[in-house]
Amino acid sequence: MKDEHSAASDLTIARSDFPQDFLFSTATSAYQIEGHSFGGAGRTHWDAFAAQPGKVDRGEDGAIACDHFHRWPEDLDLIRDCGLDAYRFSTSWARIMPDGVNVNPEGLDFYDKLVDGMLERGIRPMATLYHWELPETLSQQGGWLTGDVPRRFADFTVVVANRLGDRLYSVAPVNEPWCVSWLSHYAGYHAPGLTGVANAAKAMHHVALAHGLSATVLRDKGIANVGAASNFEYVLPATDSAADQKAAQLYDGLVNRWFAQAMFKGSYPEDILEGFLPHMPKGWQDDLSIIHQKLDWFGVNYYTCKRIHATDGVWPYGGEVSGDLPKTDMGWEIYPEGLTALLKRVASDFTDDTPLFITENGLANPDTPSRPDLERIDFYDKHLKACLAAIETGVPLVGYTAWSLMDNYEWTLGYDKRFGLVHVDFETQSRTPKASYHALARALAR
Ligand code: FCB
């Protein structure tokens, strides 16, 4: 395997630049890597979504993905050999409970072996319970539009906690609540592909409730290190006009404030409630005390900034425009300064002295196994420096997670977008560590 070592193929930062106990980790998620046709997993709403014409590029789904279900020992070796301290993985609800209710022992056994495999290699297991594979049976019964799913999710949490809870380093109930709710029920961009504020308001509440109920179960079971992982974007108005500023503020409320405020303050932002109120599920106010749980840490997923302009029509009156910064293969602008600013803001507005963890950060790049991915090295270098800048101002940041360990199923965009430190050939399933993997390994050893 090629390891070209030149100035540009190295990170300028080193492990020794960070506080002593700072953790470096990498992340994946179940549906994106495992191969959901294996091991008795149930059909998920992503399988159903991908089967609908035009929803997912090339109609690709997670049936095989990276075949991690069979190749996990090799994948864990890659994490260990990079010198990483932790691995953020997720447990698929549909693998463990194919119909969302009854347990598939083979599914639980899989995660049991996986967690032991991490511990044997000195890797801390950071579990996320839900990274988007809703069992299709529950989706057909109304999914996140119903108050039933958060309660089922609490039952699922009991099953996972009973089996794995004694060995997990940390647990977060729901990955990126905004993606589960708004992106999937307002924008229709992710499964189940619903649209409109009426659907989104219900989903935005039920996903928050699922977090709260699940966190309560984890606490009751005595699980250590309970947290959350939310996505944040650095939001800018497209121009200084009052209308653009208003649209940007609402967009910020939806992405950055709705869940953080509910989790840490026990309330929802007033400006967003204005649009949601007619559509909120009955009795939503009573759920806020459940959503507002003490958390041991809070995870920030950060990729980009967004420029919002005002649009005519219906609430929340906003749309995105493209900016001039260099972009990744996703078309996302690269803006490391936004990470420093967001970390400072999250700490001052919501989390106070709760430890923060970057739970995802990375870029898609059109990589081949033979060409060094210098763009990724540069991206990680700049964002790790942005973390250091936040730490210097007193933000209690305790860890950083690179998305992703390996190229995988990028949801609506299928297998075309490569986020990995490790290249995956989806025909042969062969793994080739990229230049960024080697650069990270060297930086972690310094
Ligand atoms: C995040 C998701 C993750 C991956 C990255 C690129 O929103 O959590 O699964 O798709 O984006």
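Let's start at asparagine 175: an N or O atom in its side chain is 2.9 Å from an oxygen atom of the ligand. I'm calling that a polar contact, a pair of N or O atoms within 3.5 Å; within protein, one must be able to donate a hydrogen and the other to accept it, and residues adjacent in sequence count only if both atoms are side-chain atoms. Histidine 131 has a polar side-chain atom 2.8 Å from a ligand oxygen, and for a side-chain N or O atom of glutamate 410 the distance to a ligand oxygen is 2.7 Å. The protein covers 95% of the 300 Å² of accessible area that the ligand has on its own (Shrake-Rupley method, 1.4 Å probe).

A word on the source: this is a predicted model, where local features need pLDDT of at least 70 and side-chain atom pairs count only at pLDDT 80 or more, while totals for chains, interfaces and linings use all residues. Residues are numbered from 1 along each chain as its sequence is written, and side-chain values use heavy atoms, leaving out hydrogens and water.

Who else is around the ligand? Residues there, with a heavy atom within 4 Å, include Gln32, Trp132, Glu176, Tyr303 and Phe419.
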